[in-house]
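Work through the following exercises with the sequence and the model at hand, and try each task before reading its solution.

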Amino acid sequence: MNERDIDLILALAENRLPAAEVAAAEARIAGNPELAAELATQRAAIAAIVAAPPVSLTAAERTDLHQTLRTELNLEPAVTAAAAQSAASGGWARWLAPLAGGLAVAAVVIGAFVVVPSMGGSDDVAFESAATTMLEDAAADGEETDATAAAGGAETPTTTVAAAAAPRAMSVPRIGADDLAEVDEALRGGSLLSLSAGDTAIAQDEVLACIETLPELAGAGADDVVAVNADAADVVYLRFVAGGHTVTASVDLATCSLLEISSS
Amino acid sequence: MTDRTHLDVALIERYLEGDVDAFDELMRAHEDRVFAICMRMMRDRDAALDATQDTFLTVFRKADRYKAEAAFSTWLYRVTMNTCYDHLRRQQRKQADRLPESHDPPDHAAASSLDAVELRPELEGALLQLSDDFRAAVVLVDMEGMSLDQAADTLDVPTGTVKSRLFRARKQLAHILGNRDTPSEHPTEAP
């Protein structure tokens, strides 16, 4: 068996031979028992190999891989520092510094709470939707502002390595009350303006991870966080719609526990 | 160049300019294939994860050295294979250090069957009995669907060498899997 024979066997086994040449090649191989046996061997091996199921990373492995690489490549210095500090203190360190565009965000958010109630107090879904949308838009604007600033005023609003130091964050108003009823009334009555003391960026992924462990908050997402307690920043307030009702709840992220919950 | 190649080149440029989103996109595009190659080259999942991580660390740390004349994927998979070879050599050194002289060689087929849950145990065992070079040819061409030329680029060897390794590797595999008679030739590599 020479090199040409091997090429021919490989081409046949891998179906790489042009269709017009297959018949002649098969005939040539069939006329030589040694070549025919080699072709059969190659085909048997290929059949066994290609039957192997695909391999892929699990979701947890993927997340770990990304996080490790980001840390090793210094793509997220603030996250690393915050995580280390959080591990030490277990509390405030998980909260990020207010975004550079915070005032603009607060204005938009407050605008949402002031304007939307005029649509009617019973229209909780519309309230929720509008507020959430504006929160998202405002948060996006804030991120963009940060990115541009970090890029040294570059015109392209791209997320830079420096800007990406912040984890996926959303900006929510801080409110100076720890009573859910008061907060709820403020939210409904549009008087958040008087309670607002700026805004705070929170780590969306962390909020989501906690919410998912609380069955009472089934149906809620990180985007449903509408405010943060200014005095105990681990406490977040959520409003979301579940089963046709608007649910308001407060959650202590430090312990990932439900503090209060009401439905209307 | 293919669309994927153009996209990868653009993403590398963006990454080098500091765009972290480009890092995420590159990872999403290539991480599963890199892991699959590592998983099939290494002896267990943890080792494959380590090799995958080291591969991407090398690639992103040396991204500025990437020359766009070659496909990014070729460069990436070459780094992947080199990383796997490095890890395999380290594994072998550790095993050699640990084992007494009279110790029998490990039965990879048995030892790996529990770890390699993604592959059929008998195939995994057979693959692990191949030399690293033979296994690399099978993994890249038969499992990852590379052409002979692509595999040759990735392994940095002539195409003829890949052909030779592939031919002999399959022959050994078929024998190990019980499909064929014992190979008549020693599994050494043709030049």
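**Exercise 1.** In this predicted model, describe how helix H4 (residues 59-72) of chain A packs with helix H3 (residues 45-61) of chain B.

*Solution.* Next take the handedness, for H4(A) passes H3(B) in a right-handed crossing. Then look for the residues that meet: H4(A) contributes Glu61(A), Leu65(A), Thr68(A), Leu69(A) and Glu72(A), while H3(B) contributes Leu49(B), Thr52(B), Gln53(B), Phe56(B), Leu57(B) and Phe60(B). Sorted by class, this contact of H4(A) with H3(B) holds six nonpolar, three polar and two charged residues.

**Exercise 2.** Classify the angle between helix H1 (residues 3-13) of chain A and helix H3 (residues 33-50) of chain A, and find which residues meet.

*Solution.* The two axes come within 9 Å and cross at roughly 40°. Therefore H1(A) is oblique to H3(A), since an angle under 35 degrees would be needed for roughly parallel and one of 65 to 115 for roughly perpendicular. On the H1(A) side the meeting residues include Ile9(A) and Leu12(A), and on the H3(A) side they include Leu39(A) and Ile46(A). By class, the contact of H1(A) with H3(A) has seven nonpolar, one polar and three charged residues.

Technical notes:
Residues are numbered from 1 along each chain as its sequence is written. Chains are lettered from A and ligands numbered from 1 in the order in which they are written. This is a predicted model: local features need pLDDT of at least 70, side-chain atom pairs count only at pLDDT 80 or more; totals for chains, interfaces and linings use all residues. Axes are lines fitted to C-alpha atoms, for helices over the stretch in contact, and angles run from 0 to 180 degrees between N-to-C directions. Helices (H or I, at least four residues) and strands (E, at least two) are DSSP runs, numbered from the N terminus. Angles under 35 degrees count as roughly parallel, over 145 as roughly antiparallel, 65 to 115 as roughly perpendicular and the rest as oblique. Two residues are in contact if their C-beta atoms, placed from the backbone, lie within 7 Å. Ala, Val, Leu, Ile, Met, Phe, Trp, Tyr, Cys and Pro count as nonpolar, Asp, Glu, Lys and Arg as charged, and the others, Gly among them, as polar. A crossing is left-handed if the near helix is turned anticlockwise from the far one by less than a right angle, and right-handed if clockwise.
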